[in-house]
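Dear colleague,

I am handing over the structure we spoke of, and my notes on what was found in it follow below. Please read them alongside the model itself.

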Amino acid sequence: MEDAVVVKDLTRVFGDFVAVDRVSFSVKRGEIFGFLGPNGAGKSTTIRMLNGILMPTSGQAHVLGFDIYTQVDRIKENIGYMSQKFSLYDDLKVIENIEFYGGIYQVAKQKRQQRYEWALRMAGLTDKREAITGALAVGWKQRLALGCALLHEPQVLFLDEPTSGVDPKSRRDFWDLIGEIADRGTTVFVTTHYMDEAEHCDRLGLIYRARLITIGTPEELKYGSMPGTVVEVEASDPVRAADLVRNVNGVLEAAVFGANLHVVVRDKKEGIRTISRVLAGAAIEVTSIRPIEPSLEDVFVSLIRSEDLADENGARDAAGS
Amino acid sequence: MNEHAIQTKGLVKRYEAVCAVDGLDLTVQRGEVFGLIGPDGAGKTTTMRMLAGVLRPDGGQALVLGSDVIGNPEQVKEKIGYMSQRFGLYEDLTVAENIDFYADLYLVGRKEREARFKRLMEFSRLGPFLGRLAGKLSGGMKQKLGLACALIHTPDLLLLDEPTNGVDPVSRREFWKILYDLLAEGVTIFISTPYMDEADRCHRVGIMEKGKLLISDTPEGIRKGMKTRIIEIKCANPKKAVALLQKMEGVADVVFFGDKIHISVRSQKPDESSIRKFLEKQDTEPRSVRAITPSLEDVFFELSDRP
């Protein structure tokens, strides 16, 4: 079977601004694919093109084998979309929201009742079918929105920051549900700013300044893409220590975490040696210094920093030549 | 000046039948970053608003920088900077106009204003965007502008209500760098967040649920007090392993990630070796089974599961 999403050299230009720049990747069927990137990097533009809402400037993309230029209607029939705002009517009852979306997605008449009951059961809202939607806790609303997005049994589900503002318990339940949905063969394409959520994905793509800068499993990203080693330093004055270390050659990034700092160094041994020396020279006491497993946030931030650095060097080279 | 930055005793706020804040005892020392973490509806925003002197408590006491929030809310407002979840910006005003507006509001004198303005531009790097409408800024920049406005009158204490909601990791790191710079200048920071991973950036955290403080300590201290052990498993057949582990005795919770499984164990057994043996017998081919440092989210689950 072909991949659920196949994108090749996809580009979108607004005036003289390149929002998406020759992006290529593919998403397998049944995969949970996380699409990460800072605000304005090109995430939403890419999703809007894949959903058939926005025409690309150039490049190709197929969703479930359908061409995004010529088969937009077929794509729309076969995908589900849930935004961070949930798009529910607060003054309608739970069941009325489901019926409303059943109409919009044109769920076949003979199937409707069965799908509505399924959505209620999946969301755990069977007892609350008559409740006013606005009165539900955020976690329930989120599951209701998910149920609505799945009424027409889409083969690809797009989730745009689905858990913004949702509490930890509901978030865990939500990800359990997403796992079950993917197990049944639905492809899930999700954007998030939260790295602990990215850990739930099978594969991740990171988009920055319109370009896809890395793609892989969370583990591949941590051990393959990371442009250095993360060293945890316990020091007497972490804020001052971070400022000192940040300007040292071979240090890509330094961030304070309470009483510690996380420093990303290009070379592990040399980095540790240099940090120790610089901090000792400034009379900052170091109680421990050791390499740690990078978090996805470390990977994400470091990749972006080295991208910025490469751009600066490129600009300097161009100016010098 | 050795009193606490914040001290509350039995603080209560009710909304009709709901007790949003239910007898809160909280101490924040000067010069620390204190994080109030907890789910939506735990009472974080209500607490924040009472401490800012904009919401009157129904019971208990609260002293903020030595001033009483019930008896003297105006005095409290002068000494603190408060950034609400919406950042309190006027979207149809420019960046510079927003800052000026707050300077007027706080009666910042002309001379002082200029110096302060310069300093705020240095750390926020909003300089190039002074003429831009606040409504046209990105999430990360709005957040920085909100912070600049809250700092215009040089407060000793900053109250930040979920400032990093919906902000990407890079902007989030930059924002925290600014907070640590302020801390180095002697500002005390009280910040709320629904994201447990953010708590590790605080000196001390309080975990709040249903209007009550469940615990308050350093992140390390909180982890040490945990009864739950978290064990990470990587294996060839994770989906089968998840189903098996869910039924294993002594396993309180199973969370499946893309390429690994985390289980919570609340007693001595099962341990790493017995889990490994169990999984090997069931042909799930475990590659690695090891105890890992629990996240504060794990701590939250343990605490909120208690009767």
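How many residues does the contact take from chain A and from chain B? The contact takes 35 residues from chain A and 34 residues from chain B, where two residues are in contact if their C-beta atoms, placed from the backbone, lie within 7 Å. Please bear in mind that this is a predicted model, in which local features need pLDDT of at least 70 and side-chain atom pairs count only at pLDDT 80 or more, while totals for chains, interfaces and linings use all residues. Residues are numbered from 1 along each chain as its sequence is written, and chains are lettered from A and ligands numbered from 1 in the order in which they are written.

On the side of chain A that touches chain B, at least two residues each are supplied by helix H6 (168-183), helix H7 (195-198), helix H8 (218-225), strand E12 (251-257) and helix H11 (296-320) of chain A; helices (H or I, at least four residues) and strands (E, at least two) are DSSP runs, numbered from the N terminus. By class, this side of chain A has 18 nonpolar, 9 polar and 8 charged residues, with Ala, Val, Leu, Ile, Met, Phe, Trp, Tyr, Cys and Pro counted as nonpolar, Asp, Glu, Lys and Arg as charged, and the others, Gly among them, as polar.

Within chain A, helix H9 (residues 238-246) and helix H10 (residues 268-281) pack at an angle of about 125°, with their axes 10 Å apart; axes are lines fitted to C-alpha atoms, for helices over the stretch in contact, and angles run from 0 to 180 degrees between N-to-C directions. In this packing A:Ala241, A:Leu244 and A:Val245 of H9(A) meet A:Ile275, A:Val278 and A:Leu279 of H10(A), and the residues of this contact divide into 6 nonpolar, no polar and no charged.

Turning to chain B, its secondary structure comes to 10 helices and 14 strands, and its C-alpha trace spans about 75 × 45 × 35 Å along the principal axes. Chain B also holds an open sheet of 4 strands in the order E2-E1-E4-E5, with antiparallel pairing, two strands being paired if DSSP finds at least two bridges between them. Its edge strands, each pairing on one side only, are strand E2 (18-28) and strand E5 (67-68) of chain B. Strand E4 (residues 59-64) of chain B pairs with E5(B) in the antiparallel sense over 2 bridges, and B:Leu63 has B:Asp68 in E5(B) as its bridge partner.
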